[in-house]
2 protein chains.
Amino acid sequence: MATVVSKPPRGMVECPKCPLHGMKTFRAFTAEELAFVSGFKRGELAVEKGATIIMEGHHNAHLYTVLSGWAFRYKLLPDGKRQILNYLMPGDLAGLQGSLLGEMQHSVEALSPMRLCVFERDKLYDLYRNHTGLAFDVTWIAAREEQILDENLLSLGRRSAIERAAYLIAFIGSRARNAGLNGTTAAQIPMTQQLLADTLGLSLVHTNKTIRKLVDRKLIGWREGGCEIKDMKGLLALARWGGIGETPRPFI
Amino acid sequence: MATVVSKPPRGMVECPKCPLHGMKTFRAFTAEELAFVSGFKRGELAVEKGATIIMEGHHNAHLYTVLSGWAFRYKLLPDGKRQILNYLMPGDLAGLQGSLLGEMQHSVEALSPMRLCVFERDKLYDLYRNHTGLAFDVTWIAAREEQILDENLLSLGRRSAIERAAYLIAFIGSRARNAGLNGTTAAQIPMTQQLLADTLGLSLVHTNKTIRKLVDRKLIGWREGGCEIKDMKGLLALARWGGIGETPRPFI
DNA sequence: CGACAAGTTGACGCACGTCAAGGCCGGTGG
DNA sequence: CCACCGGCCTTGACGTGCGTCAACTTGTCG
């Protein structure tokens with residue numbers, strides 16, 4: 001399945017030492033849960049930037065949790081048009097649809113080098129049987145994803161190009177900050193304008209002109225392959241959006 | 001909360017006699033599950049067409065399963081622009097986001113007279129603890145919703161107006177047929193063009209002209225407040241979409 | 001040095017949105 | 001009975017937001 005570069009468990013992280021623990025965005029595990037998840041974990045996957053982790057139309061026996069790095073989910077039309085659905089950051093789950101419904105109906109590609117936790121799909125049922133709290137968490141994550149997609153749909157359907165762009169950048173920036181992804185001060189978002197365009201449902205050229213307007217208005221900065229938020233409040237106001245909550249969230 | 005007309009348990013259906021059982025689209029319950037769900041059910045809600053069942057920004061202590069009728073989920077922008085996110089039909093769950101994440105971030109409105117099964121939000125955890133199969137089903141439903149939203153996003157972002165319309169009508173028609181909603185022969189979909197427009201992310205006028213093209217091409221028929229699919233294959237081809245599966249699905 | 005990926009900019013056209021007017025119908029009240 | 005009204009659909013004229021095409025720049029990697 002494409003160019004997945006899998007470095008076998010060279011430096012596989014033990015769950016108790018998982019870098020996601022102890023972050024204030026994520027909820028804590030009980031000792032018992034931690035033990036179970038350790039057994040649930042089947043391995044670790046390291047991929048290069050650009051690697052396809054999940055492919056539309058395929059059946060996949062695995063479920064992943066992002067440990068580090070970025071990725072995005074997308075769908076293609078037969079003529080090659082691409083729509084990016086959402087971004088994956090540390091703590092996010094990938095492959096749940098496939099685990100429950102059979103065939104994956106979207107692909108996932110790495111935006112940066114990544115490390116992922118690999119779970120056996122068949123063991124998901126054990127998790128549900130033995131750890132109500134964790135099962136609840138999985139559903140929590142699914143409901144959260146639903147909420148994000150809702151907002152995205154509102155954006156594509158009813159916001160203008162510049163509002164959409166403002167929303168998207170504010171959204172990704174906030175999530176990245178919560179996931180501890182960027183430098184301490186400036187929120188550097190590593191992305192190309194092509195990716196933005198495919199997320200916003202716009203053409204590349206028009207996306208470029210829209211980004212330029214945001215730069216001119218001093219809401220963001222753009223430097224070669226990345227964007228930096230300069231005025232979050234301004235972005236939120238332009239997008240007419242309330243921002244995301246900061247309550248701690250579960251992960252598996 | 002708006003005009004909810006609640007006829008108290010006058011003719012409340014006992015779960016074992018639930019009209020959804022025995023339909024080939026839905027999976028069967030075990031006797032034990034049925035017993036549990038009977039206890040889980042807290043009452044029944046009957047609403048008129050046009051009633052608001054769930055309201056954006058509110059906290060809601062309940063979780064609903066649609067027993068009969070149609071509804072739709074939507075979000076509003078401050079200026080009143082509306083984006084419809086998805087439609088609810090018999091067997092669908094409403095209010096899960098609120099149950100897990102706290103505040104509802106979308107509203108739900110009845111498209112026809114409806115009956116809904118009401119569950120206590122707090123008992124959801126009991127369900128997870130005692131009935132792994134049902135907990136799995138809830139997650140299944142959430143993942144399915146996610147999949148639908150994915151396809152919708154692809155539509156809004158990358159399909160033209162006529163393709164979007166073809167996709168939407170084919171999609172709703174298929175789901176309605178699976179849920180046993182329409183007459184046996186002709187799939188009459190009761191909807192206004194305003195609703196279609198708000199789902200497609202288009203203006204009312206352009207939606208009208210687009211529908212007209214579909215009628216001219218003999219793909220659908222439109223008669224006052226409803227649409228009828230005349231050539232499903234044609235719609236699917238125009239939308240470049242594979243259609244939905246027919247595997248039996250769970251419900252609660 | 002060329003090749004390629006990412007960004008920029010201008011010219012032009014079309015798929016949409018907006019505005020405005022009118023038709024058809026059922027319901028309500030005289 | 002007609003008069004009036006409010007949903008819903010329809011149609012034309014016109015404007016604009018965004019797509020498409022095409023050219024150029026800059027930086028990076030060989």
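Guide: In this predicted model, chain B is superposed on chain A by a rotation of 180° with 0.0 Å of shift along its axis, at an RMSD of 0.0 Å. That is the relation of a two-fold axis. Both copies use the same surface, in that 100% of the contact residues of chain B recur in chain A.

The contact itself involves 49 residues of chain B and 49 residues of chain A. Between them the two chains bury about 4700 Å², of which 66% lies on carbon and sulfur atoms. Within chain B, the residues losing the most area to chain A are B:Phe136, B:Leu153 and B:Arg158, which together account for 16% of what that side buries.

Polar interactions also cross the interface. There are 8 salt bridges between chain B and chain A; in one of them, A:Arg158 pairs with B:Asp198, with the closest N and O atoms 3.0 Å apart. Residue pairs in polar contact between the chains, both members at pLDDT 80 or more, number 22.

As for secondary structure, the elements of chain B that give two or more residues to the side touching chain A are strands E4 (71-76) and E5 (82-88), together with helices H2 (96-101), H3 (124-130), H4 (132-158) and H6 (193-200). The largest share, 22 residues, comes from H4(B). Sorted by class, this side of chain B comprises 22 nonpolar, 11 polar and 16 charged residues.

Key
Residues numbered from 1 in each chain as written. Chains lettered and ligands numbered in written order. Predicted model: local features only at pLDDT ≥ 70, side-chain atom pairs only at ≥ 80, totals over all residues. Heavy atoms only, no water. Least-squares fit on C-alpha atoms with pLDDT ≥ 70 in both. Contact = heavy atoms within 4.5 Å. Buried area = accessible area lost by both parts, 1.4 Å probe. Salt bridge = Lys/Arg side-chain N within 4 Å of Asp/Glu carboxyl O. Polar contact = N/O pair within 3.5 Å; in protein donor to acceptor, adjacent residues only side chain to side chain. Helix = DSSP H or I, 4+ residues; strand = E, 2+ residues; numbered from the N terminus. Nonpolar A, V, L, I, M, F, W, Y, C, P; charged D, E, K, R; others polar.
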